[in-house]
Amino acid sequence: MSKPAAPASRPGQSDTIADSRSRPYHLLRRAGLSAHRAMQLICFALLLLLTLTAAISAWSLRQHEIDDWRDSMDNLTLVLAENTAQTMAASYTLLDSVVALVLEQPEHKNDNRRNALASEEIYHSLRDKMAALPQVDVVSLLDVDGNVINFTRSYPAPPINLSSRDYFRYHSTHRGDQPYMSEPVRNKGNGNWTFYVSRRIENARGEFAGAVLVGVSCQFFADFFHRVNLGTDSTITLYNRDYTMLARWPYAPEMISKQVRTGTTYQVISQGKQHDVVLTSSPRASHDLQPETRMGAVRQVRDFPLIINATINEDMLLHGWWRNVRLITGITAASMIAVLLAFRLVEQLLKRREQDAQQALQLKAAADAASAAKSRFLAMMSHEIRTPMNGILGMSELMLGTKLDDTQRNYAHNVHQGTVELLHIINDVLDFSKVESGHLTLDLQAYDPAQMIAQVLALHEPVALRKGLQIETDISGLPGPMEGDPLRMRQILGNLLNNAIKFTPAGTIRISLNATPPGDSSGRWRLHFEVTDSGIGISPEGQQRLFEPFSQAEHNTSSHYGGTGLGLAICKRLVELMGGTISCRSSTGCGATFIVDVPSQHLRQASDHQPEVESITMKHTAVPTPASATTSATATASNTAAPDGKQGRILLVEDTEMNRQLARILLTRLGWEVDEAHDGQQALDALAERQYDMVLMDCMMPVLDGYQATEQLRAREAAQGLPRTPVVALTASAIDGDRERCIASGADDYLTKPFTSAAFAGVIERWTRRA
């Protein structure tokens, strides 16, 4: 029987397979390596990788072991310090009790209670008081000469004079009942160490009459440390605040009362820290100042001049680590190369993920830091820009109220309007920064949406008049006062109306408001605002980037009409913060309609009857001349001309000369006499010399700022029973919470720079009328 024929191969197939199989061998030959040698190198590489992995794991475990011991030692000192504090508190309570007992005794002539205190009854009382306190070794009463009158070790007291001791010298020269903690003293009889807490005793004439001593046993603390000790390679020590050793376990009586300034206790406390855990190899006092690697945990005892130190040596510190190292070594030696390779691959993947996570956290931290730095920079720059702008805006406003020819008035008007526009740009940038950083919050309160629209119209009406535009309003369906943030709503509608005026060469602008009743259980109404213009319109492409920051609907808009491109971005963020939506309908050349829809809660009044708001149409087409355009700006200045008689005296505290000059002129026109101070300290000196009707206090000043000066003024008024002087804070800061900080420091009101003469006069009238 013949064999079946092999299937025929396609031309060139066998050559291709042979070439693919022989390619690795060709590479090995080119490298001068045999297959066996290559396998040896691979095995060696794997063994090297295994060794490195084991070494890294051992080092990581060592660090984890040290960190775990660090946490454990810190917690141990916390427990020891708290127990020591309670023990000392009980000792001080006993001291207070004995002092009270001494003071209860009758004071006979020339004996300072000595006979009464030396009685056996007092001896038994002292014994009873200390019976429940095992840490107390002895209670002693000393007379004015340092002689022991009575003490708890025996009765009657032996003739002992302690006038040379540190506690007696302290109390004999220091008045008052301040307690004193002595250095440890060794008992000559039993060799035990004791340190004393003591208090001065005075007679009825306030003279030194002796002292009360409560001896605290150093051995008590040593025994307590022994009970909580970690092992033979650890020590627990109690020090006085001057680094004098009071107690220690293992017990070392030869070291008691010695100052130790070479160990971890001095290293931590000398740096001003309350507690810390350090790893050191410095000389150790208990080992004849020989260097030793050890971990020391140090903590100050609350309320007492004592320090707890817990120390373990290197053997104990790394005992668990050595056990883990031996285990790792055994597992590594017994592992297979394939398992090692797989483990290495998994380890690399995990390491990469950890690095990616850490990098992501670092990037987030860097982004947060950059955002915070940007906010701080913008706030600082706002303050620095607003300060001179206050002078420019105020001086230009004052200039418009003087006799000027047409050219001069036109120049002054342009300066004033340019400053106002610059202020708007700064406010937009700051608001956008607050929104981006998440620091912008809403101030919810009751407000009338119709009245809010009227306020927006009154603000923008002069600009519309100059362009000959017609503004119509249609308000309907309002149930009454609503809950919301009127300031931010005015900002949104004001921005939309300003854009409508800017981009409408001629025609009509319409503002409509319609309120929709709640359709669910939330009880929230929907306020539907629309601002429609007949201007240049917006292309579909422009509408896609309309609400993006630093962008305009059309690329040539900024150069032709101006603007930062932040207004609509801020409006969008504010509307979303209110839980609403904002959108736009427009086409090129056919005007635009901006729709704002926000939820709001209806606040019912005592009477629910609210008249329906009718549609209002304003048609102002007259275009004023430059001279008449400035009438509204100067109306306030002319209305606040100085009266015939002086009204009183105001203290102006301001470090910038131009702002002082502006405020001085405005106050003089209002009929006030003005005293000036350049910083908070000068203001306090002036207020100490006379009473003022009012104080205008700048916040940011050298020497002493306005916050500190106001706080000191309120403290002085309260201490001396003086009448409260009205203080109005003046600041160019735009940081959230600045008003609250001013009020918290004691200011009565707050005026932001730059301000108009009307706002300045209003706050003056408001607080001087109250006064």
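Here is a chat about what the labels on this predicted model rest on.

Me: Before we start, what counts and how are residues numbered?
Reply: Residues are numbered from 1 along each chain as its sequence is written, and side-chain values use heavy atoms, with hydrogens and water left out. Since the model is predicted, local features need pLDDT of at least 70 and side-chain atom pairs count only at pLDDT 80 or more, while totals for chains, interfaces and linings use all residues.

Me: How many helices and strands does the protein chain have, and what makes a stretch a helix or a strand?
Reply: The protein chain has 23 helices and 26 strands. Both are DSSP runs numbered from the N terminus: helices are H or I with at least four residues, strands are E with at least two.

Me: What makes S8-S7-S13-S12-S9 a sheet, and how do its strands pair?
Reply: Two strands pair if DSSP finds at least two bridges between them. Take S7 (residues 234-240) and S13 (residues 306-313): 7 bridges join them, and they run antiparallel. One of the residues involved is tyrosine 239, whose bridge partner in S13 is isoleucine 307. The whole thing is an open sheet of 5 strands with antiparallel pairing.

Me: Why are S8 and S9 called edge strands?
Reply: Strand S8 (245-249) and strand S9 (275-280) each have a single partner strand, so one side of each is left without a neighbour in the sheet. From one strand to the next, the twist averages 15 degrees.

Me: Which strands does helix H6 lie across, and what does its angle to S8 refer to?
Reply: Helix H6 (residues 218-227) lies across S7, S8 and S13, at about 35 degrees to S8. Contact means heavy atoms within 4.5 Å. For the angle, axes are lines fitted to C-alpha atoms (for helices, over the stretch in contact), and angles run from 0 to 180 degrees between N-to-C directions.

Me: How is the sheet S23-S22-S24-S25-S26 paired?
Reply: Those 5 strands form an open sheet with parallel pairing. Strand S23 (672-677) and S26 are at the edges, each with a single partner strand, so one side of each has no neighbour in the sheet. Neighbouring strands of this sheet are turned by 20 degrees against each other on average, direction ignored.

Me: How do you know that S24 and S25 pair?
Reply: The cut-off is at least two bridges, and S24 and strand S25 (residues 727-731) have 4, in the parallel sense. Aspartate 698, for instance, has leucine 730 in S25 as its bridge partner.

Me: Which helices pack there?
Reply: Helix H20 (residues 680-689) packs on the sheet, touching S22, S23 and S24, with its direction at about 155 degrees to that of S22. Helix H19 (residues 657-669) lies across strand S22 (648-653), S23 and S24, at about 160 degrees to S23.

Me: Why is leucine 48 called partly exposed?
Reply: Buried means under 20% relative accessible area, exposed means over 50%, and partly exposed is in between (1.4 Å probe, protein chains only). Leucine 48, in helix H2 (residues 35-104), is at 42%, so it counts as partly exposed.

Me: What is said of phi at serine 257 and at valine 703?
Reply: Serine 257 has a positive phi of about 80 degrees although it is not a glycine. Valine 703 isn't a glycine either, and its phi is positive at about 65 degrees.

Me: Where are cis peptide bonds found?
Reply: One joins tyrosine 155 and proline 156, with omega about -5 degrees, and proline 156 is in the loop between strand S2 (148-151) and helix H5 (166-173). Another joins lysine 753 and proline 754, with omega about -5 degrees; proline 754 is in the loop between strand S26 (749-752) and helix H23 (757-770).

Me: How much of the protein chain is buried?
Reply: Buried residues make up 43% of its 771 residues.
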